[in-house]
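The following paragraphs lead the reader through selected parts of a protein chain, from a sheet to a hairpin and then to a single residue. Please keep the sequence and the model in view while reading.

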Amino acid sequence: MPKDKFFKVIENKIHPNEKLVSTHCCYCGMQCGMNLRVDTTTNKIIGVEPRYDFPVNLGKMCPKGVTAYQQVNHPDRIQRPLIRTDASLKGTAEGFREASWEEALDLIISKFKELQHNYGKDTLSVYSGVSMTNEKCYLTGKFARVALQTRYIDYNGRFCMSSAAAGLNRSLGIDRGSTIPWTDIHQTDCLFLAGSNAAECHPTSMFRIWEVQNRGGYLIVADPRETPLARRADIHLDLRPGTDLALANGIVHLLIKNGHIDEDFIRNHTNGFEETKEVVATFTPEYVSEITGVSVEKIVRAADIFGRAPDAIVMFCRGVEQQAKGTDNVSAYTNMSLVTGKIGRPKSGVATLTGQGNGQGGREHGQKADQLPGYRKLDNPEHVREIACAWGIPAEEMPQKGVSAYEMFQLMKDKTIRSLYLLCSNPVVSAPNLNHVRESLKSLDFMVCCDFYLSESAEYADVVLPVTTWAEDDGTTTNLEGRIIRHRQAQDWFEESKPDWWIQVEIAKRMGRGQFFAHLKSPQDIFNEIRQVSKGGIADYYGVTYEKIDQNNGVFWPCREEGDEGQPHLFLDKKFYHPDGKAKICALPYRPPAEEPDEEYPLRLTTGRVVFHYLSGNQTRRIPFLTDMYPDPLLEVHPKTATLYGIEHDELVTLKTRRGEAQYRVKVIEAIREDTVFVPYHWGKAESINLLTNPALDPYSKMPEFKACAAKIIKHKHGGVRHG
Amino acid sequence: MGKQVLYIEMDNCIGCRSCLAACTQCGGHDNRNRNYVLDVDPFISRQTIPLMCFHCVNPACARSCPAQAIQIADNGAVLSALVEKCIGCQNCTIACPYGIPKFDEEQNLMYKCDLCYDRTKEGIPPMCASVCPTNTLQWIEEAELEEKRAQIPLANGKWTASHDPDVLEGETNVKISLPGILQGKQKLF
């Protein structure tokens, strides 16, 4: 499509006192292109227009994208810093007073210094998120380690992308969520999507996904629910939650047995085939069917289609990754591409659908407990030296590696951590086992929260700092393809809010560490530092500049030199990123979910999204159109299960697990397994499904098992059917 | 550029209501959508279908209007009631077999989809089709519609519902392929 096909026409049509600012959506990893309408007399964002030149979405937007601009000047925005006056009201929106930036920052600095003086540097912690720009993600890692000098930093990507990262690193030696650009998807012959409700979580992928079928290609979907995506699949593998590993092993078993493997590719470009062959040998369709509940016929047919497809893409998402064996699931599905050699060429490969806006970039720049920028590792002395040198600190001053997100809450409980600096995340809704997490936050001596709304987590803070939204600042994000793109400032900072990077530089200065941050006066300054610091790392951004991003509508990393155009396709030279250049086919024995149904808790609970809300719902639950469409969480139950429990559609019931309980209205629908129930996770307080979810962690990625645990339904004595 | 039409591929719909959200963003729509999405059988499946104005060639809404307040534009778009002519009788809302025209009590005025006439007259897709992430709603040239029709020949020769003159309001400017259109699709391998 020619660039800006309709831009001029639309620009001419809009009001004389308006301008259009080309930017991207703030929500999921698709990072769809959009134009914001800005009133030039008030300098306020007032609307949205499609943007047709961005190749990923070609003007298409989901309902969240269309209404995203409404969060910018929303009446719920925090206008100036808030200081808690009544500690007994922690966990509620009450007990705050407004304060000046000066007063708030003074309080933060004095508390941080006092706590560090009394309990050591590591008593502070930073918990961040990846719905913010690369610049902010990078600076947050540096802020924790250089300004606060603490080892305890981690981020909400632990609940989102860590298993994908760990699995792809193990299999391919690199964690770029997609080995192909999204513009390849509709051209392939067979799409295999596992644990992805793409229609609701990444809707703007759907026109490409349907196009595969329109061209006569196949769509295979593995999901416990008949999602809008699975509804139209050629084969719907309706597996029990938490049994993906068996399914993937079973398909690899059949690919080998039926001779659908690429022996040359396996011999020349992979390791581990023989061990894997041995492990999957026992995964006959009958055995896999017994574990997963999927019929033998469907498993055999899926493997046959995938094996015969000239080109095929394997895609997976949180359904597979948010398990206590998520890393193994990712590697097991990647095995399908590796044994068939359907990777390292256009129209074939693996891709994970990133949940958060900058889920990709945010995990590259050192926000993780064990990671430094450019995917360098804290337990590698050479990597530590490189980054310490770039930051201008002695290597021995670099803090040790910390612990993962959920483990940080445990350290708060036992007072190892006494203070939290929380930004861009709402763990009081998004973490598992919330009763425990809420208690942990209450036990803190001092908590700072940076947000633009008073989120459920901000209600636990002692100081709340108002920050800018995505549309009030410049910066880059890296979308689910690995494409680095530009977000543009469309209006001035709202009231007295400030960008996160400004606040961190200011705190660093006041903590006496200003010399390491003073040169960072704009997002572009920070981006230029990312370029320098990531040079030579796996996620190499050195060759990426703001100008190049503008010219090319995004640049794919790795991009190592200024003349380098970036790499939309990975492994075209069949070189993987392990030291010997080979990919690893992983031998992975099956293990069941951490908690299986039993007599007391006979159902399987799985969680996920609905199309109208994003993550913890802190942003989307405030947008009238979205809340009108889906106001409260619903418990999806199969009609036969509903009959078994004597419950009706729209009845209020209690759902209970070993961690907690909550009440939900029942939605009776055949499009779910009889042994499984589903609740979306976008709601806070008593409606949070994460009160019930299992914090069992994946041993490699430390990702909790959100997607499978044992549960029961308790019918209320007097029913509770809503009338009228 | 040849004549463009709104074409609906029902089977693609995922129920995201993006078309509704986008409709509220169109100029002068006062945050009210003029299109709808229906759950086909919510107790059974997640199948949804969009319900848009079909912009009938001989529309019942306009035929039934005693004040001639409903104009038909040169591209076939059946427009919202003219403010100066509409008498608020609501004949049009009763006459339309699809339930499209809605009535604004405060303004005493009918409002409905006008196919984003101010956009479509300049070649820009209507808001709903612009944003539709699934290609359920497409703004295509008639030549492309012919190509689609040729790809999927049906025995009765009636590919799109809107070409059967006996159906409800007869011929419409919006074209529809009904669910199941891919059933006869030849697979690649």
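Two strands are taken to pair if DSSP finds at least two bridges between them. The model discussed here is predicted. On that definition of pairing, chain A contains an open sheet of seven strands in the order β5-β4-β18-β17-β16-β6-β7, with mixed pairing. The edges are held by β5 (96-98) and β7 (153-155) of chain A; each has a single partner strand, so one side of each lacks a neighbour in the sheet. On average, and with direction ignored, neighbouring strands of this sheet are turned by 20 degrees against each other.

Within this sheet, strand β17 (residues 446-451) of chain A runs parallel to strand β18 (residues 463-466) of chain A, and four bridges join them. One point of contact between the two can be located by residue: A:Cys450 has A:Leu465 in β18(A) as its bridge partner.

Attention now turns to a hairpin. Strand β19 (residues 475-478) of chain A pairs with β20(A) in the antiparallel sense over four bridges, and A:His487 in β20(A) is the bridge partner of A:Gly475. Four residues lie between β19(A) and β20(A) in this hairpin, and A:Gly482 in the turn has a positive phi of about 95 degrees. β20(A) also pairs with strand β21 (residues 555-556) of chain A, again in the antiparallel sense, over two bridges; here A:Ile484 has A:Val555 in β21(A) as its bridge partner.

Why is strand β20 (residues 483-487) of chain A described as largely enclosed by the rest of the structure? Five of its five residues are buried, so the strand is largely enclosed. In a regular strand the side chains alternate between the two faces of the sheet. In β20(A), A:Arg483, A:Ile485 and A:His487 lie on one side and A:Ile484 and A:Arg486 on the other, and all are buried, which leaves both faces covered.

The last stop is a residue in a helix. A:Gln504 is placed in helix α19 (residues 500-513) of chain A. Is A:Gln504 buried or exposed? Buried means under 20% relative accessible area, and A:Gln504, at 1% relative accessibility, therefore counts as buried. Not counting residues up to four places away in sequence, A:Gln504 touches A:Leu139, A:Thr140, A:Phe143, A:Tyr421 and A:Leu423.

Notes: Residues are numbered from 1 along each chain as its sequence is written. Chains are lettered from A and ligands numbered from 1 in the order in which they are written. This is a predicted model: local features need pLDDT of at least 70, side-chain atom pairs count only at pLDDT 80 or more; totals for chains, interfaces and linings use all residues. Side-chain values use heavy atoms; hydrogens and water are left out. Buried means under 20% relative accessible area, exposed over 50%, partly exposed in between (1.4 Å probe, protein chains only). Contact means heavy atoms within 4.5 Å. Axes are lines fitted to C-alpha atoms, for helices over the stretch in contact, and angles run from 0 to 180 degrees between N-to-C directions.
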